[in-house]
Amino acid sequence: MENKGLSRRSFLKGAAVTGAALAGTAGLAGCASGSSAAGNPLAEIQKPENAMPESWDAETDIVVVGYGGAGMWASLIGSDEGASSVVVLEKAPVEGGGNSRINNGEWTVIKDVEKFKEYCKAFGHGQIEEEMTDAYTEEAQRHTEYADKYGMTYEVAEQALAGTIPEYWFLDDGAYAGIIGVADVEGFGMTTFHELEAKRAELGLPVEFQFDCHDEHLIQNPETRDIVGVRYIQGDTEKTIKAKKGVILTCGGFEFNEELKSKYLKIYPFKFEGWKWNTGDGIRMVEEVGAKLWHMDMVISTTAMWTRDPEYDFAIFAPPQSDAFFNVNRLGKRFQNESKTGGTAHNGWHTLMSFSDAIDDYDRISTWTIFDQKGIDGGPMGTQQGGFFECGNYATDFPDELRAWDGWFDDNQVEIERGWVLKGDTLEELGQKIKEFDSWMDIDALKATFDEYQGFCDAGMDARFDRELTAENKLSESGPYYAISIYPGSCSTLGGPKKKNANAQVVDPAGNVIPRLYAAGCFGNFQAHSYGITGGNNSENMVWGRIAGRHCAGLEPWDAK
């Protein structure tokens, strides 16, 4: 079965820590030779894994933890603008580039600075601090300067591949239309990643990479509170590395940590595609040293099909390849005009935020898309290698040992056999298969919904949700019938440690800087309330990666004599 491209039309259709600063640390004491723990509250409660070692296995100016887009920019700028050496610690066994290498590559271009600042206040509903907006805006205006400096290929576009510019342009009577553009990248994030790597090599910048690094802990001087290095395990070997200037955390989100998602996100379950090593390790790291968390409920995400398959546990863009379909909630009832579902492209999950006291749970998670043979015969339902939207954990650019799957098959049969697509010869049989997964499915209600939907198609009018329906939208009366489960999800979580104004430094609950600790990218994104900046994730990498790398590189080493 040969894999072929999914069309643009097909894709678009489917588509805390509390108290004083020291209260965040806990555990036992430990400190290096020459430092005194006597009378030092931090030393008395510090965990041994965060304590100063007797000796170091290695040293460098800057340690960057995580090698996605933010890690790329932090290491690039840190090494090019002041650091004599940078070491990047990456969890994956080989280079893969995180979500940034497999997203669509667009990044924000600000066209109207003052209106952009007003827009951040509007879509963030006052949850984004003005000093953060100012710092972001000032640095973001240099995107094209840096893109040209490092030989990036891009074209500023007026329309984003993934949606409107910006997401909520219509606020304040449409005041924000046209205030930004996006830099469109042919070849998606893969292109940018390879161009920046090539430029770094050409410049001979002193960046060293270590892979298979996990279980990291920040090493903190108990007297100064400076973050002075990282303790980690590479393979099976524990190591310490001294960061003479500082540590920049670019750990990504917690898309594949069910405990953190359930604890922090607005709704749950939430399913994601992408970088499976994004398991929220950085959250634990910063909590150990008393950091304040922010924006932990933030995500950039639409809705997507979840496989329900433990061997392939992720979300996929996979709509039926026919206009003959309808959606039902867990109780078998329609709840929306299916042709207008999704809101904005990066916030489509909002449509599933419905809690039912009748079941004491979210009644639209999961949602089920019901369709017939036409949706199967119309072509491959899901994203594929080499296709129009080759973004995700199956991408051709991924090394084999990192790729989660090989993309959707042309005739959809493998996905049916795997149970990703449920099939029933009758609607009742299909309903029973759904019920085996979710006991709340009401098969009689599903059948009644089917009959009503068919009648709306015959009448050419959707009397319930005002969807434009014709005979072409009607499902077969004789079956077979199919279903896929739809969940909030796709891209990434955005919560993490709170950053400090223009320097990307991490702060404690009292607002004090934790010295020599920085964060960038999806690990503590500055956007709040909603994801509102089209191209914002890649822009976030660029803005705070550059700020963190530059500021950290400009510090004097903490061990300077």
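Modeller: Two strands pair if DSSP finds at least two bridges between them. Strands are DSSP runs of E, at least two residues long, numbered from the N terminus. This is a predicted model: local features need pLDDT of at least 70, side-chain atom pairs need 80 or more, and totals for chains, interfaces and linings use all residues. Residues count from 1 along each chain as its sequence is written, and side-chain values use heavy atoms, without hydrogens or water.

Biologist: Why are strand 4 and strand 5 called a pair?

Modeller: Three bridges join strand 4 to strand 5 (residues 180–184). Pairing takes at least two, so the two strands pair. They run antiparallel. Val156 has Ala183 in strand 5 as its bridge partner.

Biologist: What makes strand 3 and strand 4 edge strands?

Modeller: The open sheet has the order 3-5-4. Strand 3 (107–110) and strand 4 (155–157) each pair on one side only.

Biologist: Why is Asp397 with Arg101 called a salt bridge?

Modeller: The rule asks for a side-chain nitrogen of Lys or Arg within 4 Å of a carboxyl oxygen of Asp or Glu. Here the closest N and O atoms are 2.6 Å apart, so the pair qualifies.

Biologist: How do you know that domain 1 and domain 2 are in contact?

Modeller: Contact means heavy atoms within 4.5 Å. By that rule, 19 residues of domain 1 touch 25 residues of domain 2. The domain bounds come from an automatic or database assignment.

Biologist: What is the area buried between domain 1 and domain 2?

Modeller: About 2200 Å², with 62% from carbon and sulfur atoms. Buried area is the accessible area (1.4 Å probe) lost on putting two parts together, summed over both. Ile267, Lys271 and Glu273 supply 33% of domain 1's share.

Notes: Helix = DSSP H or I, 4+ residues; strand = E, 2+ residues; numbered from the N terminus.
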